[in-house]
Each structure stands twice: as structure tokens, then as C-alpha cells.
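I opened this model to go through it piece by piece. These entries record what I looked up, in the order I looked.

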Amino acid sequence: MAIPLRRALRRAGPDTPAPEPQPPAPAAGQEEIRRQNLGAVLRYVHLHGPTSRAELTGRLGLNRSTIGALAADLAAAGLVTEDVPATEDVPATARRAGRPSLVVSPCSERVYATALSIEPKRLRAARIGLGGRILDLRETPRPCGSSPLDAVAPLAELVRGMERGDDARYAGGAVAVADTVRDADGTVRVAGADDTLVAALDAALGAGPGRPGLVAGDLADIAALAEHTRGVATGVDDLLYLHGDRGLSAGMVTGGSLVVGHGGRSGKVGHMVVDPAGRRCGCGSRGCWETEAGTDALLRRAGAAPGASPLAVLRAAALGDAVARDALHGVADWLGFGVANLVNVFNPDLVVFGGTLREIYAAGAGTVRSRLDSMALPASREHLQLRASSLGADAPLIGAAELAFDALLADPLSAPSPQ
């Protein structure tokens, strides 16, 4: 199933069908148009940062007086500020007589979202201001084999630690959940976001009247949203985001819509079989892609301990260590092997490597591209770009914040609520 990115992950959980988008009600008239225009202005400054009224007029196709009125309404609601730009910030070619165009800026310190991530080895919580600015970020280790429900209490404690006791406006919250749990013996269990987890987090965080509940979704899907909205994939509507940690998963965007599959369980690309006679995978199969292209494979090839840092292996390879270089080459070759198969199926414009794959790709890009060029169809590879994530480890949190802000951006004057 492919659904628009900003509606792909929902408050009710992944098993709730997405409602079909509805056109504005005819009776809404000017009020509905005004609401949409307010949302367009706020979304623009949220994504692009401080923007002059003159630029908003050109970018959004609205006249100067309309932009002025909309910006004034948003400022009165405490969502943006309007300031006269400093002279040095205005290019000489743009200076002219008369009053300079006011600059509209998001109120990052005064309007915020709560972003959570349940990752294989850690739990993280961030307070992210309107405009995408990370105001506070905290984390705690996640015990091996613990379920997503086990993360509720420690996440709630992290969130409480970020509370400021001021009158900042809370726009909402979202949680990005790793798609699998790995037990101490290596057994893989699918355990992503679901309604039970959302309900438990809402109860722990005090959701209720005046305080919206959380949105939840798969970590790779949410990271793909972040890269599509604010990262290296901005403006690209056909992309594949590959996330590596202990396993491999994907967020797939086609035609500007996220492919989530039945029950939101798509993207388990790490369990695509690439060698039927290969190593036994924790999922019970043999020769899964993540047994050859993931972090564990890099450590195994380098002879490192299972809990060692993959960055140490990559540093050793960069310094000329023969074993580390061979390990990197082998993993990068298998990484390109799997990517070639995926691009033949999805034909994206861009493949983004995130999580631990970000560093593996950066170190072995030539090997990845060589294998891709030898296997991918010309029609799939000639236009294809490969990029490391520009948001890095924060992509899941930034994507979660984008989901949490969505209701506010759609209806700026009614969605925010006091803390």
C-alpha cells in the first residue's frame, strides 16, 4: 500500500486503514482557504527557516497584503515572529527605498514536539522546536531482547527530564520503532509499532484533552520521511532509504508516497535471501542479506568481538589494515549486490544509506557502485544517485518530529495546545 508521506504513519497505529483524503467542504468557503493559506505559510518557514514576506509572496503565489495578514495572524498566535532584517543580511542588489520586508521566523523555543525512538541498542527522546531545531536530546541504553513495551517507562522518564515548566506550546509527539527485536541468542522477532505500544506511551505521557496522543511508525519509514523532508532527499519523490544497525531495513518512497505494506510491515529488506546456501539468519532462514551486508557481518569478517564498534573496523581499514580492508570490501560488495536487486524492482532516483550503513557506504562507495553497475539494469542505474544520509543518527527523531507537527501545520490556529 502506498499512501502520502504525511499520512502514512498514524495516531491509531499501523493496522488502522488510512482514510482517503477529502477535498475542502464547499460550505467552508473563505475560512477554509484562509486555513490552508495559514498552513502553507507556517509549513514554509518551518521547513525553510526565517523567510521574508517578499519571498513568501513569490514562493506561495499569494499577494503581499494576504501574506502580511497571514503572518500577522500566525505571530498573534505565538507561532512565528516578525522582525526587520539587519542591513548586513540584505544583499546590496536587493536593497531599495522604503521599509524592508519583514522576516517571518518559526518560534522554535516556544512551540515544540516530542520525538522518541526505540532503537536496537538505545532509547532516545528529543524536544524539537518548530523549524526542526533540536532543543534537548537524551538517551538511555536498551537491554538486549527487550520488547517495545519495555521501553515505555524509561522513555517516559526521559521525557519528564526534558520538561521545563514553562508555557511553551506542545504540538504533539511521535515515536519511531525499530522493526525487529533480537534476543541474546540472535533470534529475530518482528516487533514494531502497534496500537498497544501507542496506548501505553499515551498513558505514560499523559495524553488526553488538550494534549494530543502520539503517532507511531517504523523507524526506517520515519527516517525516510526525515531525509525526504529535510535531508539529502529533499525534493526527490522516488527514493529508497536503507537503515543499518544490527539488521537492515528500508523506507521506500514511490511517487511521493511511502510504501508501508499490509499492517505497515514492509521494508524488511535485510531478510531478502541473497545466498540460499549462506549463513543461518536469526529469522530462521539462510543467506539473508543482513548476514552478509550488515554490521555483524563487518565485525565477523574483521575478526572483531560481536559487541565491538564497526567504526573501529572502518578506521583500521582507512589506516591500511589488510584484514579490515578485506572486511570492508566484502561487506560493501554484498551491499551493492542487494542494492542492485532493489533498484531493479523499485527504480528509485536516489538510494540513501543511514544508520551504520552511512559509514560503511562512505568508506566503500567505490565497491558498492562497482557491484551495482555490474548487476543493475541500465534503465535502473543510469539516473540513480547514491548518497549517505545527511541527518545521520538523528534522522528517526527529526522524522518523528515532522509527523508530530503535521496537525499543527495543517491547521495552525486550532491544533496547538498549552503544555
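**Entry 1: the chain as a whole.** I count two residues as in contact when they have heavy atoms within 4.5 Å. With that cut-off, I looked at the contacts in the chain with a separation of 6 or more, and residues 24 or more positions apart account for 66% of them. I note that this is a predicted model. The secondary structure I found comes to 13 helices and 17 strands. Of the 419 residues in the chain, 50% are buried. I recorded an accessible surface of about 18000 Å² for the chain, with 53% of that surface belonging to carbon and sulfur atoms.

**Entry 2: the sheet of S2, S4 and S3.** I asked in which order the 3 strands of this open sheet stand. The order is S2-S4-S3, and the pairing is antiparallel. Strand S2 (51–52) and strand S3 (80–83) are at the edges; each has a single partner strand, so one side of each has no neighbour in the sheet. I then checked S3 against strand S4 (residues 103–106) and found 4 bridges in the antiparallel sense. In that pairing, Glu82 stands opposite Val104 of S4.

Entry 3: I started from strand S6 (residues 122–129), where 7 of the 8 residues are buried. Strand S5 (residues 111–118) runs antiparallel to S6, and 7 bridges join the two. I noted Tyr112 opposite Gly129 of S6. Leu123 has Thr140 of S7 as its bridge partner. S6 and S7 form a hairpin as well, with 3 residues between them. In that turn I found Gly131 with a positive phi of about 100°.

**Entry 4: H6 against H13.** At what angle do the axes of helix H6 (residues 219–230) and helix H13 (residues 395–410) cross? I read roughly 80°, with the axes coming within 7 Å. H6 is therefore roughly perpendicular to H13. From H6, the contact is made by Leu219, Ile222, Ala223, Leu225, Ala226, Glu227, Thr229 and Arg230. From H13, the residues are Ala395, Pro396, Ile398, Gly399, Ala400, Glu402 and Leu403. I sorted the residues of this contact into 10 nonpolar, 2 polar and 3 charged.

**Entry 5: Arg279.** I placed Arg279 in the loop between strand S14 (257–259) and H7. Is Arg279 buried or partly exposed? Its relative accessible area is 44%, so Arg279 is partly exposed. Leaving aside neighbours within four places in sequence, I listed its contacts as Ser285, Arg286, Gly287, Thr291, Glu292 and Arg300. I also took the C-alpha separation of Arg279 and Trp289, which are 10 residues apart along the chain, and got 9.9 Å.

**Entry 6: H8 and its cover.** Which residues of helix H8 (residues 295–302) are buried? I found Thr295, Ala297, Leu298 and Leu299. The cover over these buried residues includes helix H7 (290–293), helix H9 (310–318), helix H10 (322–346) and helix H11 (356–375). Just after H8, I noted Gly303 with a positive phi of about 75°.

**Entry 7: Thr367.** Thr367 has a relative accessible area of 19% and counts as buried because the cut-off is under 20%. Not counting residues up to four places away in sequence, Thr367 touches His329, Ala332 and Asp333.

**Entry 8: Asn347.** Last, I looked at the loop between H10 and strand S15 (350–355), where Asn347 is found. Asn347 is not a glycine, yet its phi is positive, at about 50°. I logged this because most residues other than glycine have a negative phi. At 37% relative accessibility, Asn347 counts as partly exposed.

Conventions. Residues are numbered from 1 along each chain as its sequence is written. This is a predicted model: local features need pLDDT of at least 70, side-chain atom pairs count only at pLDDT 80 or more; totals for chains, interfaces and linings use all residues. Side-chain values use heavy atoms; hydrogens and water are left out. Buried means under 20% relative accessible area, exposed over 50%, partly exposed in between (1.4 Å probe, protein chains only). Axes are lines fitted to C-alpha atoms, for helices over the stretch in contact, and angles run from 0 to 180 degrees between N-to-C directions. Angles under 35 degrees count as roughly parallel, over 145 as roughly antiparallel, 65 to 115 as roughly perpendicular and the rest as oblique. Ala, Val, Leu, Ile, Met, Phe, Trp, Tyr, Cys and Pro count as nonpolar, Asp, Glu, Lys and Arg as charged, and the others, Gly among them, as polar. Two strands pair if DSSP finds at least two bridges between them. Accessible areas come from the Shrake-Rupley method with a 1.4 Å probe; for residues, only the protein chains shown count as cover.
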